Amino acid sequence: MKTLWLVSGAVAGSIVLLGVSTWMVGTRLPEAHTATVSAELTAAPDVVASRIRDIARHAEWRPDVTRIELVPDVEGVAHDAAQVDARGGVRYVEHGSNGRIPFVFREEVPGRVFTSTIDTDTLPFGGVWTITLEPLDDVRTRVTIREDGVVRSPLFRTISRYVMGHTHSIEAYLRALTASFSA
């Protein structure tokens, strides 16, 4: 019985030490980061732009998203991706593997530059994706996503930097977007 208590105490102590160490490393990392990833798609720029802008249908091609909830504007109208509400963008909530995340989506340059901003500062992470489409020819498009992100929690900062990597979400999005044109 004494051995069981010693082993249990050693395991518990190791877990606490690992948590404290991870938190301490995170306090020394900057909250803000920038990450950029590109992918070439076999699809015309206007077709890619249409797929990105159609927020309501993202759950159909993004495996990490279970549903999209369009948020009504001040007049109570839930806009589709081709419309902009009175507050300057399409507001929606993404439900999926990362939980419930509110966003605002804007088309900064028609058919070429989009921004998607996490629309709360209550999450342990936040930031803006700038999605840029570059026509390579009539049937190929380079999609570049730049994340200007923030990771508020020191624990998550360490995980984001050393375990997952800052490009993890961007790469998943681009893989899903690329695959959506192969199906």
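The legends below describe close-up views of one predicted protein model. Residues are numbered from 1 along each chain as its sequence is written, and side-chain values use heavy atoms, with hydrogens and water left out. In this predicted model, local features need pLDDT of at least 70 and side-chain atom pairs count only at pLDDT 80 or more, while totals for chains, interfaces and linings use all residues.

**View 1. The secondary structure of the protein consists of 5 helices and 7 strands.** Helices (H or I, at least four residues) and strands (E, at least two) are DSSP runs, numbered from the N terminus. The order of elements from the N terminus is α-β-α-α-β-β-β-β-β-β-α-α. Of the 183 residues, 37% are buried; buried means under 20% relative accessible area, exposed over 50%, and partly exposed in between (1.4 Å probe, protein chains only).

**View 2. Y173 sits in helix α5, residues 168-180.** Y173 counts as buried because its relative accessibility is 5%. Leaving aside neighbours within four places in sequence, Y173 is in contact with I52, H58, W61, R62, W129, I131 and I145. Contact here means heavy atoms within 4.5 Å. The C-alpha atoms of Y173 and D64 are 8.8 Å apart, although 109 residues separate the two along the chain.

**View 3. E94 and R62 form a salt bridge, with the closest N and O atoms 2.8 Å apart.** E94 lies in strand β3 and R62 in the loop between α3 and β2, so the pair ties together parts that are 32 residues apart in sequence. A salt bridge is a side-chain nitrogen of Lys or Arg within 4 Å of a carboxyl oxygen of Asp or Glu. Both E94 and R62 are buried. Not counting residues up to four places away in sequence, R62 touches E94, Y173 and A176.

**View 4. The side chains of R140 and E40 meet in a salt bridge of 3.4 Å, N to O.** R140 lies in the loop between β6 and β7 and E40 in strand β1 (residues 32-41), so the pair ties together parts that are 100 residues apart in sequence. R140 also forms a salt bridge with D137, at 2.9 Å from N to O. E40, E134, D137, R140 and R142 are linked in a network of salt bridges. R140 counts as partly exposed, at 33% relative accessibility, and D137 does too, at 34%.

**View 5. The largest pocket has a volume of about 860 Å³.** Among the 37 residues that line the largest pocket, N98, I101, F125, E147 and S169 are the closest to its centre. Strand β6 gives the largest share of the lining, 6 residues. On a 1 Å grid over the protein atoms alone, a pocket is an open set of points where a 1.4 Å probe fits, with protein on both sides within 12 Å along at least five of seven lines; lining residues have an atom within 4 Å of a point. The volume is the space filled by probe spheres set on the points, which are joined across faces, edges and corners.

**View 6. G111 is in the loop between β4 and β5.** G111 counts as buried, at 9% relative accessibility. Its C-alpha atom is separated by 5.3 Å from that of A49, 62 residues apart along the chain. G111 touches A49, R53 and L133, not counting residues up to four places away in sequence.
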